[in-house]
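Trainee: I am new to this structure. Please take me through one part of it closely, then show me what lies around it.

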Amino acid sequence: MAAADTILRAENIGVRFETSEGPVFAVDDLTLDVRQGEFLSIIGPSGCGKSTLFNVIGGLLGGYQGRVTVAGETIAGPHKAIGMVFQEESTFPWRTVIDNVAFPLELAGMTKQKRAERAQHFIKLVGLDGFDNRYPGELSGGMRQRVSLARTLASEPKILLMDEPFAALDEQTRLLLGDKVLQIQQQLRQTMLLITHNITEAVQMSDRILVMTYRPGRAKRLVEINLPRPRSSEIVGSEAFGRYVAEIWNDLREEASRGMRDEEEHALHHHSGGAP
Amino acid sequence: MSGSAIARSNAAPKLLGFVSVLLFFAVIEAVIRAGWLNRYIVPPPSEILGSFYRIIAEEHVLRRFLFTTAECFAAGVMITVFGVGLGVLLQRYELLRRACETWVAALAAAPVVLAYPLFMVIFGRNAVTIVMIAFVAALPAVILKTIEGIAGTRRVLLNVGKSFNLTPAQQFWKIQFPAALPVIFTGLRLGLIFALINVVGVEFLINYGGLGQLIEDLAERYDLAGTYAAIFFVILVSVLFFMALERIERWLRPVD
């Protein structure tokens, strides 16, 4: 049963893909509650169906078992309450920073002046003021990801869903951007759901972390992170932080090595040309 | 200004290009004057330069230049409207694309210009024939590049559109089309090259209209210096279109 402050619920989610080597269960019977205003991370080894789950919750993937509800309402397809930030670079290269961020406002039919004001607010929020009229091609990877973040925030989603948004960035930029996201989350009291394979990132940001198993992706354990807020990347050095990281790595190691073995076997069969 | 400062400046490539061309002509001139090249096959550049006044004053090359430019412009507008339009249509309807793409690709390689008698029967010996042949010859490149550009839109950009709940029309106009523009412009550039070649070629073949006809006239009279000077104006048409196209592209997509 969902708690009273649950804003998003994914219930008994199952996703099966047909491949040439038979069906693969990407996600199996996974249930997840996201509470209003919390930062929840989903962590798991590669191939555990994290991104599949992201697509299910974001409404980009159909044909799954179970259901996704937002504030009690079952959703099918993309929903305006859910804003998505993607792993790959997803800014529109033909639009300036401000026009990128104003994109959802333009769709909502806002007047030009009003949406410029709103867009500027979100550009400032992600710390890109002064870059309004630049094109993404003129910015660094980290800055472009912040443009994507601002664009999604501008649509004022109830839940911000992020799929490894900083995976392509270097570790230092990633930590600093993590700070930025935390700051924004605290400022807006934004509910955030982060998909990641990075333990440090997950512990740095989250109130709770869901650890997933390797294929089929199931919920292995839900870890509450009782670190003080407001947080910043400085917390990375603390003893409590280290304990959480170790604890989660303990859970993950088994899954990750299972994944690795599986991949090795797969590669072996393919190279020897034999049947699985 | 020091040597390295000149190399870094914006004017350097243009200057180098200009000097290279001058140098090339100087070498040709020297080779002809030395008698290593027959001046009745390749006229010396100085003679070509001297013939400019003649072809401007006596052969009305400027009027012909405008005529050829207008024909190219007409063909250019047509390949943009129909080429991009058909490309979009084929991209949108899978069955249609799979049915037609091979034929369009085959047409791209076909020497359409050889069908000029057919066009003359249909349209007469006039500018319409010239524009239509150029149009048909240039169309496939634009269609194929439009299909390629739209199909090549990055998946994540389409997902961004979906996540914002765009309608199919919005998805196309706000994401796929602008994302495809650089590739579409490559198609238009190719198309304009084909169009210009065909315009001048057909003018030459049917002895009608602008620069192509003039080149044919001058060559018939064995006025080689004049012929080369007229070819210079053909190049000018091409340069003009390329510059215009680049302007339009920069205006539509300022930075990539």
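Which residues have the most contacts inside the largest nonpolar core?

Mentor: A caution to begin with: this is a predicted model. The largest nonpolar core has 128 residues. Those with the most contacts inside it are Val101(A), Ala150(A), Ala75(B), Ala134(B), Phe135(B), Ala138(B) and Ala195(B). Helix H7 of chain B, residues 127–151, gives the largest share of this core, with 17 residues.

Take Ala134(B) as an example. Leaving out residues up to four places away in sequence, Ala134(B) touches Glu71(B), Ala75(B), Ala195(B), Asn198(B) and Val199(B). Two of these partners, Ala75(B) and Ala195(B), are also on the list of residues with the most contacts inside the core.

Now step back to chain B. Its secondary structure comes to 11 helices and zero strands. Of its 256 residues, 35% count as buried. The C-alpha trace of chain B spans about 70 × 65 × 30 Å along its principal axes. Look at contacts in chain B between residues at least 6 apart in sequence: 72% of them join residues at least 24 apart.

Chain B is divided into two parts: domain 1 covers 3–42, and domain 2 covers 51–252. Taken over C-alpha atoms, the centres of domain 1 of chain B and domain 2 of chain B are separated by 31 Å.

Next comes the contact between the chains. Chain B brings 13 residues to it, and chain A brings 17 residues. On the chain B side, the largest share is six residues from helix H8, residues 155–163. The chain B side divides into seven nonpolar, three polar and three charged residues.

Lys162(B) has 18 C-beta neighbours inside 10 Å, so it counts as partly exposed; a buried residue would need 20 or more. Setting aside neighbours within four places in sequence, Lys162(B) is in contact with Leu60(A) and Pro78(A).

Cross over to chain A. Domain 1 of chain A takes in 1–81, 161–186 and 193–238, while domain 2 of chain A is 91–156. Their C-alpha centres lie 25 Å apart. Eight residues of domain 1 of chain A are in contact with seven residues of domain 2 of chain A. On the domain 1 side, these residues divide into six nonpolar, one polar and one charged.

Finish with one helix, H4 of chain A, residues 112–125. At 1.5 Å a residue, its 14 residues should span 20 Å. The end C-alpha atoms of H4(A) are 20 Å apart, so the two values agree.

Which side of H4(A) is buried? The buried residues are Arg115(A), Ala119(A), Phe122(A), Ile123(A) and Leu125(A). They cover an arc of only 155° around the axis, so they sit on the same side of H4(A). The face turned away from that buried side carries the exposed residues Gln113(A) and Lys114(A). After H4(A) comes Gly127(A), whose phi is positive, near 75°.

Key
Residues numbered from 1 in each chain as written. Chains lettered and ligands numbered in written order. Predicted model: local features only at pLDDT ≥ 70, side-chain atom pairs only at ≥ 80, totals over all residues. Core = buried A, V, L, I, M, F, W, Y, C linked by C-beta atoms within 7 Å. Buried ≥ 20, exposed ≤ 12 C-beta atoms within 10 Å, placed from the backbone. Helix = DSSP H or I, 4+ residues; strand = E, 2+ residues; numbered from the N terminus. Contact = placed C-beta atoms within 7 Å. Domains from an automatic or database assignment. Nonpolar A, V, L, I, M, F, W, Y, C, P; charged D, E, K, R; others polar. Expected span 1.5 Å × (residues − 1). Arc of directions from axis to C-beta.
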